[in-house]
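Subject: Structure handover

Hi,

Here is the structure I promised to pass on. My notes follow below it.

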Amino acid sequence: MVAHSTAGNENEEVYQFTKPSDEQIEKVKDSYRRQELTIEKDGSKLDNIDNIRANNSEKLPPRRFSGTTAEQMCQSGVAGCVQRFARIRPLIVTAPNYHLMSCLIQKSMSTVMSAIFCYLYREKEFIKEGRNILRELSDIGLCQKENSYKTVDGMIQSLKIEDISQWKFTMVTREPVDRFLSGFIDRCLRFVLCQLFRNL
């Protein structure tokens, strides 16, 4: 999905953008090519449930704490369980020219939302550079954190916002099990395939 311009240019003089270097431009082109190669070579395997099941059907090892529930193991402290409700640093992306902001949550469309807000923020450059919302990744993003903040207060101060009530706040969340499976496939399956392609 390549973006097309719809907005005016009234904010051109308000926001100053960093122009991508030739090296960054080549990195983007290379990333786009590799993504296309992945889709062409093994795109069908990435969504093949039977293939995923076959590669993840090993028998589980015997339980170390037989007769003990998972809750009891974690509460005792001997199992080394990961703490619940881990604190995750928020990331806020903005499109100040539209008075929009979104709080990103990993594995809840965060990469796509970041690309969408980058497009809204740097619309002309996004189109001129031939960027694709569905191909943008964090390490090659056009905006490179120019429109992102760690806190709402930091955003307000940096953008000199006088009336925050004029802004729209958004957040995308996801069904927990679906989010977990997405993370597992992305980090444990697709990531391995990407590493293999890089070594071709």
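What pLDDT does the protein average, and what share of the residues score at least 70? This is a predicted model, and its average pLDDT is 81. At least 70 is reached by 85% of the residues. Residues 1-14 fall below 50. That stretch still has 23 contacts in the model beyond near neighbours in sequence.

**The disulfide**

The count is one disulfide. Cys118 is joined to Cys143, with 2.2 Å from S to S. The link is right-handed, at 100 degrees about the S-S bond. Cys118 sits in helix α4 (residues 110-121), and Cys143 is in the loop between α5 (123-128) and β3 (148-149), so the bond ties together parts that are 25 residues apart in sequence. Are these two cysteines buried or exposed? Both Cys118 and Cys143 are buried.

**Met171 and its surroundings**

Met171 belongs to strand β4 (residues 168-171). Its relative accessible area is 52%, so Met171 is exposed, the cut-off being over 50%. Which residues does Met171 touch, not counting those up to four places away in sequence? They are Ser102, Cys103 and Ile105. Of these, Cys103 has a relative accessible area of 23%. That value lies between 20% and 50%, so Cys103 counts as partly exposed. Met113 is 58 residues from Met171 along the chain. The C-alpha atoms of Met171 and Met113 are 9.5 Å apart.

**Gln35**

Gln35 is part of helix α1 (residues 22-46). Why does Gln35 count as buried? Its relative accessible area is 16%, and buried means under 20%. Leaving aside neighbours within four places in sequence, Gln35 is in contact with Leu134, Arg135 and Leu137.

**A nonpolar surface patch**

Three residues form a nonpolar patch on the surface: Val177, Phe180 and Leu181. Together they have about 320 Å² of accessible area. Phe180 is placed in helix α7 (residues 176-198). Phe180 counts as exposed because its relative accessibility is 59%, and the cut-off is over 50%.

**To recap**

Keep the pLDDT below 50 over residues 1-14 in view when you read the model. The disulfide is Cys118 to Cys143. For exposed side chains, see Met171 in strand β4 and Phe180 in helix α7. For a buried one, see Gln35 in helix α1.

Over to you.

Best wishes

Technical notes: Residues numbered from 1 in each chain as written. Predicted model: local features only at pLDDT ≥ 70, side-chain atom pairs only at ≥ 80, totals over all residues. Heavy atoms only, no water. Patch = residues over 30% accessible without salt bridge, like charges linked within 9 Å, V, L, I, M, F, W, Y side chains within 5 Å. Areas by Shrake-Rupley, 256 points an atom, 1.4 Å probe, with all protein chains shown as cover. Salt bridge = Lys/Arg side-chain N within 4 Å of Asp/Glu carboxyl O. Helix = DSSP H or I, 4+ residues; strand = E, 2+ residues; numbered from the N terminus. Buried < 20%, exposed > 50% of the residue type's maximum accessible area, 1.4 Å probe, protein only. Contact = heavy atoms within 4.5 Å. Disulfide = S-S within 2.5 Å. pLDDT = per-residue confidence, 0-100.
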